[in-house]
Amino acid sequence: MAALMRLPDAVAELVHDGDTVALEGFTHLIPVAAGQEIIRQRRQNLTLVRMTPDIVYDQLIGAGCARALIFSWGGNPGVGSLHRFRDAVQHAWPAPLRIEEHSHAGMANRYVAGASGLPFAVLRGYVGTDLPTITDTVKPITCPFTGEKLTAVPALNPDVTIVHAQRADRSGNVQLWGLLGVQKEAVLAARRSLVTVEEIVDELTPVPGAIVLPSWAVTAVAEVPGGAHPSYAQGYSERDNEYYAAWDAIGKDRDAFTAWLDQHVFTGSNA
């Protein structure tokens, strides 16, 4: 059964220096509070994994938590670049950042392979792109039955996956619905997992289109109302578009970013 824990305790127990860490969520249910708690606990040398790293990854990279990023797209959605990400790649500030770039389909299939206990995934993809020439984890493979040329990518098995969801029951069964990404696959592929939720309830009532991550598949659950802010949690909160717009100026300037960290993360507030 998943353990019910406070967020600081869960991060302290599950996220270690040098880990490969996935924080997944697609526009919706992004585990921002958990990402900021990782910063607050000053984790270092992380390999960060995410299909679409946005501002919480900009914050993690700018805070010096990351040594590598495995991803398929990165940006501040609807606004522009991730300036802390760019600064790390171009100027090694605050530390050098190694990047490993894939397609969306490649990343999704890597999680599926990891969740399935397979060493790699095979897909029709990457053909006509430069990615096979710059990403070592993209390899050609020949189908043994038809001779068709396909592409293989290795499984992703994060040390810990963190996602946000709407609710969990007191046994640690997690329920999430709305616009989803690869949360289920990323949790099932991980060695350890943490789910932050809007609320813990006595019973999970049915919701159309919802999925349930069973307690046996989750290591820990932490009740963190608003834990996806500034992204949204369907049925609980709206997307804070002003936050995303404001982040551009904060992230663009090293001093402004450092001041933001001091005021909004290291003081313990989840802004």
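The cut-offs I used are under 20% relative accessible area for buried, over 50% for exposed and partly exposed in between, with a 1.4 Å probe and protein chains only. I note that the model is predicted, so local features need pLDDT of at least 70 and side-chain atom pairs count only at pLDDT 80 or more, while totals for chains, interfaces and linings use all residues. Residues are numbered from 1 along each chain as its sequence is written, and side-chain values use heavy atoms, with hydrogens and water left out.

Arginine 6 forms a salt bridge with aspartate 9, and I read 3.2 Å between the closest N and O atoms. By the rule I applied, a salt bridge is a side-chain nitrogen of Lys or Arg within 4 Å of a carboxyl oxygen of Asp or Glu. Aspartate 9 is partly exposed, at 38% relative accessibility.

**Other salt bridges**

How many salt bridges does the rule give? I get a count of 12. Side chains of opposite charge can pair when their charged atoms come close.

Next I checked arginine 50, which forms a salt bridge with aspartate 54, the closest N and O atoms being 3.8 Å apart. Are these two residues buried or exposed? Arginine 50 is buried at 1% relative accessible area, and aspartate 54 is buried at 3%.

I then looked at arginine 254 and aspartate 87, whose side chains meet in a salt bridge at 2.7 Å, N to O. Arginine 254 is in helix α9 and aspartate 87 in helix α4 (residues 83-91), so this pair ties together parts that are 167 residues apart in sequence. For the element names I used DSSP runs numbered from the N terminus: helices are H or I with at least four residues, strands are E with at least two. Arginine 254 is partly exposed, with a relative accessible area of 33%, whereas aspartate 87 is buried at 7%. I also recorded that Arg84, Asp87 and Arg254 are linked in a network of salt bridges.

**Helix α4**

I listed the buried residues of α4 as His83, Arg84, Phe85, Asp87 and Ala88. What covers them? The cover includes α3 (55-62), β4 (66-71), β5 (98-101), α8 (241-252) and α9, where contact means heavy atoms within 4.5 Å. Just after α4, I found alanine 92 with a positive phi of about 55°.

**Prolines**

In the loop between α4 and β5 I found proline 94. A cis peptide bond joins tryptophan 93 to proline 94, with omega about 0°. I found another cis peptide bond from histidine 229 to proline 230, with omega near 15°. Proline 230 sits in the loop between β13 (220-223) and α8.

Proline 31 is in the loop between β2 (20-23) and α2 (32-40), and I noted it as buried at 1% relative accessibility. Which residues does proline 31 contact, leaving aside neighbours within four places in sequence? I found Leu23, Glu24, Ile162, Val163, His164, Thr196 and Gly227.

**Positive phi**

The loop between β2 and α2 also holds threonine 27. Its phi is near 70°, a positive value in a residue other than glycine. I noted threonine 27 as partly exposed, at 34% relative accessibility.

Arginine 42, in the loop between α2 and β3 (46-50), has a positive phi of about 55° although it is not a glycine. I noted arginine 42 as exposed, at 54% relative accessibility.

**Largest pocket**

Arginine 42 turned up again at the largest pocket, where Arg42, Ala63, Gly64, Leu261 and Phe266 lie nearest the centre among 15 lining residues. The search ran on a 1 Å grid over the protein atoms alone, with a 1.4 Å probe; a pocket is an open set of points with protein on both sides within 12 Å along at least five of seven lines, and lining residues have an atom within 4 Å of a point.

I recorded about 200 Å³ of space in the largest pocket, volume being the space filled by probe spheres set on the points. Which element gives the largest share of the lining? Helix α9 (residues 254-264) does, with 4 residues.

By class I noted 8 nonpolar, 4 polar and 3 charged residues in the lining. Here Ala, Val, Leu, Ile, Met, Phe, Trp, Tyr, Cys and Pro count as nonpolar, Asp, Glu, Lys and Arg as charged, and the others, Gly among them, as polar.

**Cysteines**

I searched the whole structure for disulfides, meaning pairs of cysteine sulfur atoms within 2.5 Å, and found 0. Cysteine 65 is buried at 1% relative accessibility, and cysteine 143 is buried at 17%.
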